[in-house]
Amino acid sequence: MKKIKNLIDIKDLSLKEINDLIKVANDIITNEDSYKKKCDGKILATLFFEPSTRTRLSFESAMLSLGGNVLGFSEASSSSVSKGESVIDTIQVVGGYSDLIVMRHPKEGAPFVASMKSSVPIINAGDGGHNHPTQTLTDLITISREKGRLDNLVIGLCGDLKFGRTVHSLINAMSRYKGIKFVLISPNELVLPDYVKKELDANNISYVETNDILEYMDELDILYMTRVQKERFFNEDDYVRLKDYYILNKEKLAKAKKDLCIMHPLPRVNEISTEVDDDPRACYFKQARYGKYIRMALILKLLEVK
Ligand code: NCD
């Protein structure tokens, strides 16, 4: 039986494959019309057991722009999971109705388990507080277009580094490039988990930890803001206490580099004041737009469309 290529963890892709995806996505941005029929007759299923706006809609928009079709559900309550069906059963059934499945689930590892039984490729669109590889592809194309490189960068990651799955996947990806330094900015309660830090240590990647968003501001090439992940908290009081810990505004950017790239996977709650939106260094809405094109490239790759 032919081996299926899934995307569960960003490390399922080699650096060459990532570079090729970015190349194709850049080509789609300039020649979108020539991709209009590439997925004629193909079906993408989006199974979202957790809320989403960008990830689900950008995948759907990506498939529709390639001439394919989409089906799926956007909440577990509207699927048979609410009747007690297991993820494994759902996947085996949906594999019979589609060519490719995009899945988001609150349980860490659920897309991996699904991929072991699936007859079609599975894309992890976020599993609990663990990983979010397609957001990372979105982040990588953004960095590559905005900075012109993926190496020799000082990257500030700010906010909920404990539960923020986009941060975990981005660190895993960037740790494979040369000359990367991370500045990990979080309250003590939301520091990067040890299992991700081990990855940094094992690869000899330099990083510093701080509570203070201003401490290294003048050194940063990228500032990646994140939302405090309310849905992963056990205690409402802790969330309320921590949710507005960092609010990036014009004043805090006073010492930042002129060519800083400010990113955020979105949705934003309060982490970036809207007064920053007009700053030419604000890249987060562009970032969301690039997400569609890199997902088009990924769909083509996993469906093996030339
Ligand atoms: C992120 C996620 O779902 O992890 N959103 C996204 O996919 N763009 C970030 C978040 O929800 O805070």
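**Figure 1. The largest cavity of the predicted model.** The largest cavity has a volume of about 60 Å³ in this predicted model, where local features need pLDDT of at least 70, side-chain atom pairs count only at pLDDT 80 or more, and totals for chains, interfaces and linings use all residues. Residues are numbered from 1 along each chain as its sequence is written, and side-chain values use heavy atoms, with hydrogens and water left out. A cavity is a set of points, on a 1 Å grid over the protein atoms alone, where a 1.4 Å probe fits but cannot get out; lining residues have an atom within 4 Å of a point. Volume is the space filled by probe spheres set on the points, which are joined across faces, edges and corners. Helix H9 (284-302) and helix H5 (133-147) each supply at least two lining residues (helices are DSSP runs of H or I, at least four residues, numbered from the N terminus). H9 gives the most, with five residues. Among the lining residues are Arg54, Gln135, Thr138, Tyr284 and Arg295.

**Figure 2. The second largest cavity.** The volume here is about 50 Å³. Cys158, Gly159, Met225, Thr226, Val228, Leu242, Lys243, Tyr245, Tyr246 and Glu271 form the lining. By class, six are nonpolar, two polar and two charged (Ala, Val, Leu, Ile, Met, Phe, Trp, Tyr, Cys and Pro count as nonpolar, Asp, Glu, Lys and Arg as charged, and the others, Gly among them, as polar).

**Figure 3. The largest pocket.** About 430 Å³ of space lies in the largest pocket (an open set of points with protein on both sides within 12 Å along at least five of seven lines). Of its 21 lining residues, Arg104, Arg165, Arg227, Leu266 and Pro267 are the closest to the centre. Helix H2 (54-65) and helix H6 (165-174) each supply at least two residues of the lining. Four lining residues are nonpolar, 10 polar and seven charged.

Figure 4. The ligand sits in the largest pocket (more than half of its atoms lie within 2 Å of the grid points). Polar contacts are pairs of N or O atoms within 3.5 Å. In the side chain of Arg104, an N or O atom is 3.1 Å from a ligand oxygen atom. A polar side-chain atom of Gln229 lies 2.8 Å from an oxygen atom of the ligand. For Gln135, the distance from a side-chain N or O atom to a ligand nitrogen atom is 3.2 Å.

Conventions: Polar contact = N/O pair within 3.5 Å; in protein donor to acceptor, adjacent residues only side chain to side chain.
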